Every structure is written in structure tokens, then in C-alpha cells.
Amino acid sequence: MAASITFIVYVSDAPEAARFYTDLLEIKPVFESPGFISYSLGDGADLALWSGQFEGGLNPQVPRTGEVCVCLPGAPEAIDRRYEQWVAKGVRVVSEPADTVFGRTFVVADPDGNLIRVAPVD
């Protein structure tokens with residue numbers, strides 16, 4: 001197993017995307033450059049925003065096939081509370097809270113259309 005792993009989210013404007021993710025996730029970047037910004041998620045895991053891959057820009061209307069998943073402890077009410085907090089921040093909702101085989105979940109999108117799911121901790 002690798003000593004660390006970085007999940008890369010392609011964005012059209014890394015600093016703008018970082019403002020979105022910093023506010024949404026309430027964490028601060030550990031590394032910043034004009035086209036690459038990363039966040040430590042703990043235990044050798046990072047989330048990175050990279051704009052260098054798509055210098056022509058991204059189209060937020062194009063569906064994304066991957067997701068960043070934020071896993072929350074607690075009952076379904078914790079998922080609903082996070083949903084209300086994020087809606088108050090003005091995020092674009094892709095799917096409202098619903099009960100699935102793995103528990104309560106919802107999905108929002110960042111400004112580039114990348115999906116962010118909130119689900120319970122397994």
C-alpha cells in the first residue's frame with residue numbers, strides 16, 4: 001500500500017474552487033499554487049484541486065462520473081443538518097436527502113459540476 005494517496009478533482013480555476021471547498025468543508029489548504037491546491041484529510045490522504053489538466057476550462061453542465069464523498073458519523077439527522085447548512089451556503093443540489101441501501105445521503109455539485117456526496121460513516 002502507498003504511504004499516501006491524493007484524490008484529484010479537476011477544476012477550471014483552482015483558487016476559486018479552493019474558496020468553495022474551504023468554505024464548504026471548513027478546512028484550510030496545506031499547499032497552494034496558482035493551479036494546484038491541496039488539503040490534508042489526515043492519515044496520508046489528501047484532496048487536491050488541479051486546474052492545469054483543463055486549461056481550456058471545464059463545462060459545469062457536463063455530468064461527472066466520480067464523486068468526493070464526505071462521510072459523517074451520527075444518525076440520519078446529521079446528514080439532514082449538513083444538507084441544510086450547505087443549502088444555506090448556496091450550493092447547487094443534485095439530489096436531496098434520501099434513504100438508500102447504505103443510509104441517508106445527498107449530493108451537491110461544485111462550480112465545475114464535480115459531485116460531492118454526503119453519506120453516513122460505514
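Tutor: Start with the secondary structure: the protein chain has two helices and eight strands, where helices are DSSP runs of H or I with at least four residues, strands are E runs of at least two, and both are numbered from the N terminus. From the N terminus on, the order is β-α-β-β-β-β-α-β-β-β. Bear in mind that this is a predicted model, so local features need pLDDT of at least 70 and side-chain atom pairs count only at pLDDT 80 or more, while totals for chains, interfaces and linings use all residues. Residues are numbered from 1 along each chain as its sequence is written, and side-chain values use heavy atoms, with hydrogens and water left out.

Student: What share of the protein chain is buried?

Tutor: Buried residues make up 35% of the 122 residues; buried means under 20% relative accessible area, exposed means over 50%, and partly exposed lies in between (1.4 Å probe, protein chains only). The protein chain exposes about 7,300 Å², with carbon and sulfur atoms supplying 54% of that area. These areas come from the Shrake-Rupley method with a 1.4 Å probe, and for residues only the protein chains shown count as cover.

Student: Which residues have the most contacts inside the largest nonpolar core?

Tutor: General idea first: in soluble globular proteins, nonpolar side chains tend to be buried together. A nonpolar core here is a set of buried Ala, Val, Leu, Ile, Met, Phe, Trp, Tyr and Cys residues joined through side-chain atoms within 4.5 Å. The largest one has 23 residues, and those with the most contacts inside it are Val9, Tyr21, Leu49, Trp86, Phe106, Ile116 and Val118. The elements that give two or more residues to this core are H1 (14–25), S3 (36–42), S4 (45–50), S5 (67–72), H2 (76–88), S7 (103–109) and S8 (115–120). H1 provides the largest share, six residues.

Student: What is Tyr21 in contact with, leaving aside its neighbours within four places in sequence?

Tutor: Contact means heavy atoms within 4.5 Å. With those neighbours set aside, Tyr21 is in contact with Val9, Glu26, Tyr39, Leu47, Leu49, Asp110, Asn114 and Ile116. Across the protein chain, residues 24 or more positions apart account for 50% of the contacts with a separation of 6 or more.

Student: How do I read the two faces of a helix?

Tutor: An α-helix has 3.6 residues a turn, so residues three or four places apart point the same way. In H1, the buried residues are Ala14, Ala17, Ala18, Phe20, Tyr21 and Leu24. Seen down the axis, they fall within an arc of 160 degrees, so they line one face of H1; the arc is that of the directions from the helix axis to the C-beta atoms. The buried residues of H1 pack against S1 (5–10), S3, S4, H2, S7 and S8. Take Ala17 as one of them: its relative accessibility is 5%, and beyond its neighbours within four places in sequence it is in contact with Val11 and Leu49.

Student: Which residues of H2 are buried?

Tutor: They are Ala78, Ile79, Tyr83 and Trp86. They cover an arc of only 140 degrees around the axis, which puts them on the same side of H2. The face turned away from that side carries the exposed residues Arg81, Glu84 and Ala88. The buried residues of H2 pack against H1, S5, S6 (92–100), S7 and S8. H2 is followed by Gly90, whose phi is positive, near 90 degrees.

Student: Where are Glu26 and Asp43 found?

Tutor: Backbone angles are worth a look here. Glu26 sits in the loop between H1 and S2 (31–32), and has a positive phi of about 55 degrees although it is not a glycine. Glu26 is exposed, at 63% relative accessibility. Asp43 is in the loop between S3 and S4, with a positive phi near 50 degrees, again in a residue other than glycine. Asp43 is exposed too, with a relative accessible area of 87%.

Student: How many disulfides does the count come to?

Tutor: A disulfide is a covalent bond between the sulfur atoms of two cysteines. The test is a pair of cysteine sulfur atoms within 2.5 Å, and by this rule the count is zero. Cys69 is in no disulfide; the nearest cysteine sulfur, that of Cys71, is 3.9 Å away. Cys69 is partly exposed at 40% relative accessibility, and Cys71 is partly exposed at 43%.
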